[in-house]
Amino acid sequence: MGETLRELSEGALDDLEGVFAKLPDDDADPLIEAIVAAKRIVVFGCGREGLQLRGFAMRLFHMGRDVSVWGDMTMPPVGPGDLLFVSAGPGGLPTAEVLVEIARKAGARTALVTAQPDGDLTKLVDIVAHIPAQTMADDRGPSLSVLPMGSLFETAQMIFFELVILKLRPRFAETSETMRTRHTNLE
């Protein structure tokens, strides 16, 4: 691994390219269909994964979707026709498991983005989006990303979510211009 910013960035970009080279072209399709069908969407993630989901929620809002971030005071209840979308890069997260169970009992569909397609949480959700990237579950060993800990997964999430937005835009007849009209003016 190099030490200059240029060398480090080349390593990080190579790692990201490797993630997307392994990603099947149709990997996002079930998630996209669930978002199109959803009346309301609630997203949940912890730590840096949660930050990526907050960014995704913002973009969904810019497309006019009824979307909330778990824990916000304005989050509505979920039920039939709704979607709970959770992140658990390492494959499981006790809080996410509880929320998935509650959402399913209420009749909502559930989706997961993870790096571990055989993790415990995958058995509880309706839809799994698999991003094949290093997380803290596998950040030790011989073939490691230049990026520390779970950063490769978290960075890949951001790009994956933006690609999902690009694929969703025509489904909702949205453009950059129509999305811009929903951007806050309180900055």
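Select alanine 111 and isoleucine 127: the latter, in β5, is the bridge partner of the former. The model is predicted, so local features require pLDDT of at least 70 and side-chain atom pairs pLDDT 80 or more, while totals for chains, interfaces and linings use all residues. Residues are numbered from 1 along each chain as its sequence is written, and side-chain values use heavy atoms, leaving out hydrogens and water.

Next, display strand β4 (residues 109–114) together with β5; the two pair in the parallel sense over four bridges. Strands (E, at least two residues) and helices (H or I, at least four) are DSSP runs numbered from the N terminus, and two strands pair if DSSP finds at least two bridges between them. In a regular strand the side chains alternate between the two faces of the sheet. Strand β5 (residues 127–130) has Ile127 and Ala129 on a covered face, and Val128 and His130 on an uncovered one.

Move to strand β1 (residues 41–44), where both faces are covered: Ile41 and Val43 on one side, and Val42 and Phe44 on the other, are all buried. Buried means under 20% relative accessible area, exposed over 50%, and partly exposed in between, with a 1.4 Å probe and protein chains only. Strand β1 runs parallel to strand β2 (residues 67–69), joined by three bridges; select valine 42 to find serine 68 of β2 opposite.

Now select helix α5, whose 18 residues should span 26 Å at 1.5 Å a residue; the end C-alpha atoms are 26 Å apart, in agreement. The expected span is 1.5 Å times one less than the number of residues. Among the buried residues of α5 are Leu152, Phe160 and Leu168.

Within α5 (residues 151–168), pick glutamine 157, which is buried at a relative accessible area of 0%. The side chains of glutamine 157 and serine 87 are joined by a polar contact of 2.9 Å (N or O atoms within 3.5 Å; within protein, one able to donate a hydrogen and the other to accept it, with residues adjacent in sequence counting only if both atoms are side-chain atoms).

Finally, show the aromatic rings, which form five pairs (Phe, Tyr and Trp, its six-membered ring, with centres within 6.5 Å; planes under 30 degrees apart are stacked, over 60 edge-to-face, the rest tilted). Phenylalanine 85 and phenylalanine 161 form an edge-to-face pair, 5.9 Å centre to centre with 75° between the planes. This pair links strand β3 (residues 83–87) to helix α5 across 76 residues.
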